[in-house]
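The following note sets out points on a ligand site and on one helix, for discussion alongside the structure.

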Amino acid sequence: MTMLEICDLRKEYRTGRATLHALDGVSASLVAGRTLAVVGESGSGKSTLGSIVAGLETATSGTVTIDGTTVDRRAFRGPLRRRVQTVFQSPLQSLNAKFRVETTLAEPLRVLLRMSRSEASTRVDELLDAVHLPRELRHRRPAELSGGQQQRVAIARALAPDPDLVVLDEPTSGLDQSIRGHIVNLLRELQAERQLSYIFITHDIDVAQAIAHDVIVMQHGRIVEEGGREVLTAPTDPYTRRLLDAVPTLDPARRRRHLRLEALPAAAVPDTPVGAAINPPSAHPFDEETAP
Ligand code: ADP
Ligand code: MG
């Protein structure tokens, strides 16, 4: 079932006399439980698109509907505020440096789900389990966590209110190469467990390959190519081909090693081609993400 419908979206920024078309008529849709990867060079409008879907920006024209509800500021004061969550490149955008992990995770539970203190405390442990972090980390502050651990906490925070759609804006771009695959694996696992829909914004073609069901390629605020994951292996548009050419390795075996992807049960990600799976899972995914 289509959960997200984006129709002829435009966003203009006026800078002096010039008008910049950050989005110039973008239409797309997303079926529940799938990942729409949004790829394109810097400045192509990816974050603008994500911000409008997440209710953080208002479009100049066009519509976004989520399960039939038109997305606007008013809708985000209602149930959409719980149903649509975001994860950014920098975990520190979602995490308050002063708060311990438990406070960060309990806040959306108390505010959006109106949980009692003790209910929220139990849920905090469950959320840490879900993102494979040791429960003891609930007492730490962001500065006492590694980059990978911080991003896991940011993901746990996004999951806390039990959303349907998560907008992820370059969630792996600030991480070391070795940690990226772990985070991609985690996001795939959470999607399968919770039937989440993702908008996954990235300029990293390898990461997009690993997580996308559907792909849109953006340039100057427009979609220049769209389709399934094959868009990223056999592009027809010259711009997409140039984007791919900028990737150092496109050899699938090398890409898998480099991303350290883990196998998921075939049923969980039905259209993952056999062989797109991947390296043996490490015993403790957070081992390599020790605090500085
Ligand atoms: P991407 O995420 O693909 O790098 P963005 O959506 O951030 O692209 O930006 C698209 C275009 O809109 C860029 O040219 C950017 O400079 C411009 N832009 C984004 N936000 C603003 C803003 N608040 N004011 C003016 N221009 C903006
Ligand atoms: Mg961006």
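Predicted model: local features only at pLDDT ≥ 70, side-chain atom pairs only at ≥ 80, totals over all residues.

1. A backbone N or O atom of Gly43 lies 2.6 Å from an oxygen atom of ligand 1. Lys46 places a polar side-chain atom 2.8 Å from an oxygen atom of the ligand, and Tyr13 has a polar side-chain atom 3.5 Å from a nitrogen atom of ligand 1.

2. On its own, ligand 1 has 560 Å² of accessible area, of which the protein covers 62%. The largest contribution comes from α1, with 3 residues.

3. The residues surrounding ligand 1 include Leu20, Ala22, Glu41 and Thr48. By class, the shell comprises 3 nonpolar, 6 polar and 2 charged residues.

4. Which residues of helix α8 (residues 238-245) are buried? They are Tyr239, Thr240, Leu243 and Leu244. Viewed down the axis of α8, these buried residues fall within an arc of 140°, and therefore line one face of the helix. In general, an α-helix has 3.6 residues a turn, so residues three or four places apart point the same way.

5. The face of α8 turned away from the buried side carries Arg242 and Asp245, which are exposed. The buried residues of α8, by contrast, pack against β3 (35-40), α7 (205-211), β9 (214-219) and β10 (222-228).

6. Tyr239 is itself one of the buried residues of the helix.

Key. Residues numbered from 1 in each chain as written. Chains lettered and ligands numbered in written order. Heavy atoms only, no water. Near = heavy atom within 4 Å. Polar contact = N/O pair within 3.5 Å; in protein donor to acceptor, adjacent residues only side chain to side chain. Areas by Shrake-Rupley, 256 points an atom, 1.4 Å probe, with all protein chains shown as cover. Helix = DSSP H or I, 4+ residues; strand = E, 2+ residues; numbered from the N terminus. Nonpolar A, V, L, I, M, F, W, Y, C, P; charged D, E, K, R; others polar. Buried < 20%, exposed > 50% of the residue type's maximum accessible area, 1.4 Å probe, protein only. Arc of directions from axis to C-beta. Contact = heavy atoms within 4.5 Å.
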